[in-house]
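The sequence and structure are shown first.

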Amino acid sequence: MYDEDRTFLAIPGPVEIHPRVYAAMNKHLYGHRTSFFREIYKQCDEKFRQTINTKNPIQFHAGSGSLGLHTSITNFVQAEDHVLNLVNGKFGERVEKITSRFTRNSHSLKVPYGHGITADMVKQEFEKNADIKFVTITHNETSTGVLNPLEEISKVVHDHGALLMADCITSAGGDLVEMDNWNIDIFVSGSQKCYGLPPGLAFIALSQAADERLNEVPRNNDFYSDLLQFREGVKKGDTPFTPPVSLFYGLNETLDIIHEEGMDKRIQRHRTMGMLYRNAIEAMGLELFAQPEFRSNTVTTAKVPDNVDSSKLSKVMLELGIMIAGGQGTMKGKIFRIGHMNLVGPRELLMIVAALEIALKKAGANISLSSGVSTIQQYLADQ
Ligand SMILES: Cc1ncc(COP(=O)(O)O)c(C=O)c1O
C-alpha cells in the first residue's frame, strides 16, 4: 500500500525533508566561481554559525559525515601522536578505526553500549597517560541513543592541553551545541540529520587553537581533504573543488526554516519530542536502552522485548508506511531505534507511536494498544 516514495523515514537519518528544501534544490544550476554562488555560500556560513553559536567559519565538504571525521583526523593526527577516543557505540568505534590508521598511539576509553562517558572517566585517562594531545568524542551516539556530556568533557580535555574533536552529526541543528562556549576545537556534522538536507555535505569548523595547530602539522599525502586548501577557499567564500551547488541551495533554505522557528524553540521541540517518545515507550511496558541520565533527544533506543521478533517489527512498521532502524552490530535484534530529528513534531509522534504499538503486538509483544499513544495525547491535551 505504501510505496517507497511515501515511506516515512523514522530512522536516525536520512530524515524527512521540508518541501521548501526540495523546491530550492530544484533551481537552475549556477557556476560555482560566481558572485551568485559566493553570496549563497556566505549566507550558508552565517546562518550555520548561529546554529552552533560560533564565530568560526564553517567549511563545507562534499561527502557524508564520515568524510568530515576522516578529514579532521588526517589533518591533525600524526604517526606518533597519542590520541584518546571516547567510545560507547558503533560511531565512536568508527572514529577509533580512523585514528588507528593515522597513529600507532591510538587509545580508547570504552564503556558498555547504552552507557554514557563522564568527565571523571576522561580525567582518569589523562592521569594514566599525560601524552594525550587529541581527544575524539561522539556527542550523540546514534547507535545506542546516548548523549555524552560534551561540555563537561571539553573542560577536562582543555585542562590537560589537548585538542577536542566532536562528532556532532546527530546533535547539531537539533539539540544544543555551543561550539565557542564549550570550547570545541574541531566540530563535525553532516547534512542528512538535524539539518534536514539530503546526504552529501559534511560540515567542519575549527577553533582558533585548532586553526593555529593546522599551521604546525606537516601536510601528509591526503590532497583532497587538505584543510589548508579549504581554509583558503573560506577566505574567498567558496570551496577548493566543485561543490554540490544544489545542496547549497537546499542548505540555505533549510537554515532559513531553522531560523524561522528559532534555534531555542527548535532545541526545545527536539527535547520535548524525545521526552514524549521515552514516556510512551515506558508506558508500553518496554525498556529504554540508554542510561537515564544520558538519553538522547534526537534518537530513542529501546530493548526489543524477549518474545518479539525484531525483523517482524520492522516489517510491520514498513507495511504501515514507516521505516525505523534496528540495532547495529552486536545489538542487532536486541534494540530498535527511532530518529526524531528536523521536522518531527506531535503529528509524527502520534503516528509513529500508534503504528509501533500495532507492530509490536503483531511481532509478539504483550502490550495494550494505546498505552503509549495515550501518554502523548494526554500531554498535548494538557498544553
Ligand atoms: C554519530 C554519527 N557519527 C557518524 C555517522 C556517519 O555519518 P555518515 O553516514 O554521514 O558518513 C553517523 C551516521 O549515522 C552518526 O550518527
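## Sheet and loop in a predicted model

Within β5, isoleucine 132 is the bridge partner of histidine 82. The model discussed here is predicted. Strands β3 and β5 run parallel and are joined by five bridges. Strand β3 also runs parallel to β4, to which six bridges join it; in β4, serine 108 is the bridge partner of asparagine 85. Between β3 and β4 the chain passes through helix α4 (residues 90-102), and this β-α-β crossover is right-handed.

How much of strand β3 is buried? Five of the six residues of β3 (residues 82-87) are buried, so the strand is largely enclosed by the rest of the structure.

These strands belong to an open sheet of seven strands with mixed pairing, in the order β2-β10-β9-β8-β5-β3-β4. The edges are formed by β2 (58-62) and β4 (105-110); each has a single partner strand, so one side of each is left without a neighbour in the sheet. On average, neighbouring strands of this sheet are turned by 20 degrees against each other, direction ignored.

Another pairing in the sheet is that of β8 (residues 163-167) with β9 (residues 186-190), which is parallel and spans three bridges. There, alanine 166 has phenylalanine 187 in β9 as its bridge partner. Helix α3 (residues 65-76) packs on the sheet and touches β2, β5 (132-138), β8, β9 and β10 (201-206). The direction of α3 makes about 160 degrees with that of β9.

| Strand pair | Sense | Bridges |
|---|---|---|
| β3 and β4 | parallel | six bridges |
| β3 and β5 | parallel | five bridges |
| β8 and β9 | parallel | three bridges |

The remaining topic is a loop residue. Proline 240 lies in the loop between α8 (227-236) and α9 (245-261). Is proline 240 buried, exposed or partly exposed? Proline 240 counts as partly exposed because it has 18 C-beta neighbours inside 10 Å, whereas a buried residue would need 20 or more. Leaving aside residues up to four places away in sequence, proline 240 touches Gln229, Phe230, Glu232 and Gly233. From proline 240 to leucine 380 the separation is 140 residues in sequence and 49 Å in space, C-alpha to C-alpha.

Key. Residues are numbered from 1 along each chain as its sequence is written. This is a predicted model: local features need pLDDT of at least 70, side-chain atom pairs count only at pLDDT 80 or more; totals for chains, interfaces and linings use all residues. Helices (H or I, at least four residues) and strands (E, at least two) are DSSP runs, numbered from the N terminus. A residue is buried if 20 or more other C-beta atoms lie within 10 Å of its own, exposed if 12 or fewer, and partly exposed in between; C-beta atoms are placed from the backbone. Two residues are in contact if their C-beta atoms, placed from the backbone, lie within 7 Å. Two strands pair if DSSP finds at least two bridges between them. Axes are lines fitted to C-alpha atoms, for helices over the stretch in contact, and angles run from 0 to 180 degrees between N-to-C directions. A crossover is right-handed if, with the strands pointing away from the viewer, the path from the first strand over the helix to the second runs clockwise.
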